There are 2 protein chains.
Amino acid sequence: MSGVEILGYTAGTLTTLTFLPQVIKTLKEKSAKDVSLAMFLIAATNQILWIFYDVLQRDNAIIFTNATILVLSLTMIFLKLKYGR
Amino acid sequence: MSGVEILGYTAGTLTTLTFLPQVIKTLKEKSAKDVSLAMFLIAATNQILWIFYDVLQRDNAIIFTNATILVLSLTMIFLKLKYGR
C-alpha cells in the first residue's frame, strides 16, 4: 500500500468517526442546547446524497463510511430533539 | 454534466457547509458548553490530512472544499474555547 493510500484510508477513518465524540458527550451529559440541529440535518441529508452517489459509482467501501456517518448524524438529531430544549 | 456529477457536486457543496450552522449558532448565542471540542479537533485534523491527500493527488477542487471545512472547524475550536466553559 502506498503512502498516499495510507493517508487516504486514515483520513477516511477519521471522517467516519468525526461525530462520535459529540454523540458520546451528549449521551453522557444529556444536554444539547448549544448543538446546532441544522448542522446534523445537513449532515444526514448529505450522507444520503453521498450514499446514492456511491451506489451509482458502485463504490462499496465508501458506502459503509457514509452509512456510518448517516447513523451518527441521525443519532445526534434524535439526541438534540430529546435533550436540546 | 451528468446526473451523477450533479449529485456529486451537490453533496460536495453540502459537505462544505455542514459546520456553518453550528458556527452561526455559537456566534449568536455565545454558548458552546454542549458542543464537543473533540469532534472539531478530529474534524480539523482530518481536513489537514485530506488537504495533504488532495495535494498529492493534485486535486485542486477538493483542496478548496477541505480548506473551507478546516477554517470552519478551527473557528468552532476557537468559539468552543471562548464560550465553552
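Because the model is predicted, local features need pLDDT of at least 70 and side-chain atom pairs count only at pLDDT 80 or more, whereas totals for chains, interfaces and linings use all residues. Residues are numbered from 1 along each chain as its sequence is written, chains are lettered from A in the order in which they are written, and side-chain values use heavy atoms, with hydrogens and water left out.

**View 1. The interface of chain B and chain A.** Chain B and chain A each bring 34 residues to the contact, where contact means heavy atoms within 4.5 Å. Between them the chains bury about 2,900 Å², of which 71% is on carbon and sulfur atoms; buried area is the accessible area (1.4 Å probe) that two parts lose on being put together, summed over both. Leu7(B), Asp34(B) and Met39(B) supply 22% of the area that chain B buries against chain A, more than any other three residues.

**View 2. The side of chain B that touches chain A.** Helices H1 (3-17), H2 (20-29) and H3 (37-56) of chain B each supply at least two residues of this side, and the largest share, 12 residues, comes from H3(B); helices are DSSP runs (H or I, at least four residues), numbered from the N terminus. The residues of this side divide into 19 nonpolar, 11 polar and four charged, with Ala, Val, Leu, Ile, Met, Phe, Trp, Tyr, Cys and Pro counted as nonpolar, Asp, Glu, Lys and Arg as charged, and the others, Gly among them, as polar.

View 3. The side chains of Lys25(A) and Glu29(A) form a salt bridge at 3.2 Å, N to O, the term meaning a side-chain nitrogen of Lys or Arg within 4 Å of a carboxyl oxygen of Asp or Glu. Both residues lie in helix H2 (residues 20-29) of chain A, four residues apart, about one turn of the helix. Lys25(A) is buried, at 17% relative accessible area, while Glu29(A) is partly exposed, at 42%; buried means under 20%, exposed over 50%, and partly exposed in between (1.4 Å probe, protein chains only).

View 4. Asp34(A) meets Lys33(A) in a salt bridge of 2.9 Å, N to O, with Asp34(A) buried at 1% relative accessibility and Lys33(A) partly exposed at 42%. In chain B, the closest N and O atoms of Asp34(B) and Lys33(B) are 2.9 Å apart in their salt bridge; Asp34(B) is buried at 1%, and Lys33(B) is partly exposed at 41%.
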